[in-house]
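Trainee: New model on my screen, and I'd like the tour. Where do we start?

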Amino acid sequence: MEPITKEAVLKALSYVEEPDLGKDLVTLNMIEDVQIDGRRVSFTVVLTTPACPLKQLIHDACERAIHTMVDKDAEVVIVMTSRVTTMRQNRDLLPGVKNIIAIASGKGGVGKSTVTANLAIALAKTGAKVGLVDADISGPSMPLMFGVMNERPHVFQGPDGKNLIQPIIAHGVKLMSIGFLAPSESAIVWRGPMASSALKQFITEVDWGELDYLLLDMPPGTSDIHLTMVQTVPVTGSLIVTTPQKVALADAEKGLQMFRLPQINVPVLGIVENMAWFTPAELPGNKYFIFGEGGGVALAEKHQVPLLGQIPLVQTIRENGDLGTPAILQENTPAAAVFAQLAEELARQVSIRNAVAPKTNIVEMKS
Ligand SMILES: Nc1ncnc2c1ncn2[C@@H]1O[C@H](COP(=O)(O)OP(=O)(O)OP(=O)(O)O)[C@@H](O)[C@H]1O
């Protein structure tokens, strides 16, 4: 029997394609630490995100490639790991942050904050390092959803003498909310430039450390504040949350178009249809389309962006949000599964974006 060689292993793995990125694993530098010990072959596959929905598929394809092209009886040991990719090169602002994702909705009350909170925790549960900025000045709800209403972030002096805010860590996510600034019962009226500068400070003067994903929960609507925000912070991509209702869709479309304005030019990574249908707890197989049907699909098709998920209207999603323990934390429930899948789809789109982004198109603004 001929000895197995590293070259033969790499040759076989060069036939395994990363389906989303359209290139083989060897060309993509995703194979590391190949070791041969008799008929035992081991190597590491470095994925572009720990939330990769294709993890099992890629694992199985690698195993098959070794068995068909190298040795049908080889013992194959594959370590699946990840290194989140980034398209940010010149990182003057937020140096440790790999990907910044703005989550927006045209209309208020469509569940943007609920979706964002669940997404952030879902990504953190996969092992990613996640931060979340609650920039919803119209009604910051993250302290409530994360059960940290009474916490206040500390401010300390950073290494260069500048003050830095320490984010609150809750459910594995580093959280900053404009709601930490004032008691929840006192309405904050933020206007124009004041809001913009407060928000900028909220994002840039925080000790985020290393983050794979920083999610920005934007205020509803398409105001000057939005424009300033996405121009100030180097956003990787945006996610639009809508319900299937006509008025929500029309506003979501405005939000989508805002990101595509030439002076903004932030790619829309996808659309999430929230409250897509109502499912009563006692009839889990039933779907009632109380806000209409097919709106998210139609919007996604019209603007050629992926529909990343459809979240049903479920009583426990609301209840768990109000309790400070978002639905994603309720293991083995359909609601948790839907959010986990959405997180994988979002991470996937970020990886695709990072793989195809023309590096020269990245404009990073200085603080
Ligand atoms: N899929 C869902 N099922 C059940 N309840 C939901 C769902 N999504 C959101 N909700 C509830 O709907 C209400 C509005 O949601 P949320 O605060 O997330 O919306 P929003 O778009 O962030 O609102 P705004 O930005 O205007 O403050 C909340 O009470 C939330 O618990």
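Mentor: With one term: two residues are in contact if their C-beta atoms, placed from the backbone, lie within 7 Å. This is a predicted model, so local features need pLDDT of at least 70 and side-chain atom pairs count only at pLDDT 80 or more, while totals for chains, interfaces and linings use all residues. Residues are numbered from 1 along each chain as its sequence is written.

Trainee: Okay, what do the buried residues of α1 pack against?

Mentor: They pack against β3 (31-37), β4 (40-47) and α2 (55-69). Helices (H or I, at least four residues) and strands (E, at least two) are DSSP runs, numbered from the N terminus.

Trainee: And which residues of α1 are buried?

Mentor: V9, A12 and L13, in a helix that covers residues 6-13. Buried is 20 or more other C-beta atoms within 10 Å of a residue's own, exposed is 12 or fewer, partly exposed is in between, and the C-beta atoms are placed from the backbone.

Trainee: Switching to the sheet: what's the strand order?

Mentor: The open sheet has 8 strands, running β10-β11-β7-β12-β6-β13-β14-β15, and the pairing is mixed. Strands pair if DSSP finds at least two bridges between them.

Trainee: How do β10 and β11 run?

Mentor: Antiparallel, joined by 3 bridges. I169 has K174 of β11 as its bridge partner. The two strands form a hairpin with 2 residues between them, and H171 there takes a positive phi near 50°.

Trainee: Is β11 mostly covered or mostly open?

Mentor: Mostly covered, with 5 of its 5 residues buried. That goes for both faces: V173, L175 and S177 are buried on one side, K174 and M176 on the other.

Trainee: What is L215 in contact with?

Mentor: Leaving aside neighbours within four places in sequence, I101, I103, T116, L119, A120 and L132. L215 also has its C-alpha atom 6.0 Å from that of A102, although the two are 113 residues apart along the chain.

Trainee: L119 is in that list. Which contacts does F339 have?

Mentor: With neighbours within four places in sequence left out again, F339 is in contact with N118, L119, A122, A327 and I328.

Trainee: Last topic: how is the protein divided into domains?

Mentor: Into domain 1 (6-82) and domain 2 (97-361), with bounds from an automatic or database domain assignment.

Trainee: How many residues of each domain are in contact with the other?

Mentor: 8 residues of domain 1 are in contact with 13 of domain 2. The C-alpha centres of the two domains lie 34 Å apart.
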